[in-house]
Amino acid sequence: MKTTVVILAAGFGTRMRSKQVKVLHRAGGLPLVEHVTRASKAVAEPERTIVVTGHQADDVERALAGNGVSFVRQGPPQGTGHALAACRERAAGFDGLLMVLLGDAPLLTAQTLLQLRDTQAASNRAATLLTTTLPDPSGYGRVIVNPAGDVTAIVEHKVCTPQQREIRVINSGIYCFQAKLLWDHIAKIQPNPISNEYYLTDMFEILTGLGHRIGEMHIPDSNELLGINTRVELAQADRVLRDRKRRSLMLAGVTLEQPETITIDMDVEVGQDTVVEPFARLLGTTKIGDDCRVGAGAILDGAILGNNAAVHAYTLVSNSSIASGAEVGPFSRLRMNSAVEADGRIGNFVELKNTQFGAGSKSQHLAYLGDSTVGAGANIGAGTITCNYDGVAKHPTHIGAGAFVGSNSTLVAPVTIGDDSYIAAGSVITEEVPPEALALGRARQTLKHEWAKRRKQQHGKKH
């Protein structure tokens, strides 16, 4: 059945104690509300997913751009009923079902939404609400269900009788309505006399008063319905999401050593028979091929690894790529669209920034290559640096295929080192080096015999 989804994301979330609106706080590497929009795609076509925004609406809408959703702004917040009513003009023409989700419930799965849709579609009820059982339901509305399985009341905690407080079945705030019935009667919700807000839960009393039945769908795993109100709950959701991700990767053929220590964002992809060592962090849109190895403590953020690539321990790779058979690290850094081509070698304490490093080339120790291109089969000696910044602008360095750059060379950009040329160790290179040439850019050594001996005689021996 055709389903419209409305995601309520207008609240600020004062209990987060943050300057940022709650739904933009991140768990599993994504904003809370993005988890919800992704799950909603299982039941709703893009044009039928509406996000209600309010506080920091521009930021929320910018974060969800490209997710195939539309937006309605609530204006001054006056409760959940008011938020949903704000969508009436946009959604009243949509027939079928209308599902209401919360933008701060990131653990809800697509499978549960499909089940909720199908449960409501197969019933003759006006609505179905998701419920779960909590060991401690304090603060939650209790759901009263009759023997026929119909919801007869939702009682807020503060007005529960002592007997009702013993009920541990709670309202999740996630619902699926017959759309026409909802829109026909939503205007009957009245402001609460104490808070002056319009509560969507009042809709159930309105519908039952008209002779309609309300059903429930009980979720055994209460974690899935966790709403985020505090940083403690945010951390709990993050743990659940990352545990799901690690489990799915291991079941798909990835080896995670001490998996509980490894951080993996939701959009990360890892190929079969890759091994990830303890305390690694795989972040953002990182994509790792088959048969790779990621060393202990390595951080990959927006990295791309070809098959059989290796990132050794304590290496940082950010928005950069490592081709098949290449190795990087330990203790290296690649950033700003750097690329190591097939079978390249980047060793300890080498940094690449915006650098294309050729196939089979090597830079094994203590070097900085910035805004550079390095041809295939080149060798960059220890201590080599490119001087790419003159205080105003960045300049490129081009190192040809097969070039040999001796240790402690300083390449002052812009400069070109020709194919198969040699740079003598300790040189400062400021001019173009032709192919197959030898360049020496260092001062001539001066030797003063017995200078140290005379100094000792003049000043006395000192250590």
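Me: Over the ring of which residue does the charged end of Lys394 sit?

Reply: A charge sits over a ring if NZ of Lys or CZ of Arg is within 6 Å of the ring centre and within 35 degrees of the ring normal. Here the ring belongs to Tyr389, and the charged end of Lys394 is 5.4 Å from its centre. Please note that this is a predicted model, in which local features need pLDDT of at least 70, side-chain atom pairs count only at pLDDT 80 or more, and totals for chains, interfaces and linings use all residues. Residues are numbered from 1 along each chain as its sequence is written, and side-chain values use heavy atoms, with hydrogens and water left out.

Me: How many aromatic pairs does the structure hold?

Reply: A pair of aromatic rings is described by the distance of the centres and the angle of the planes. Rings of Phe, Tyr and Trp (its six-membered ring) pair if their centres lie within 6.5 Å; planes under 30 degrees apart count as stacked, over 60 as edge-to-face and the rest as tilted. The structure holds 6 such pairs. One of them, Tyr175 with Phe177, is edge-to-face, at 6.0 Å centre to centre and 65° between the planes.

Me: Are Tyr175 and Phe177 buried or exposed?

Reply: Buried means under 20% relative accessible area, exposed over 50%, partly exposed in between (1.4 Å probe, protein chains only). Tyr175 is buried because its relative accessibility is 4%, and Phe177 is likewise buried, at 0%.

Me: Which residues do ring pairs link into a cluster?

Reply: The cluster consists of Tyr175, Phe177 and Phe204.
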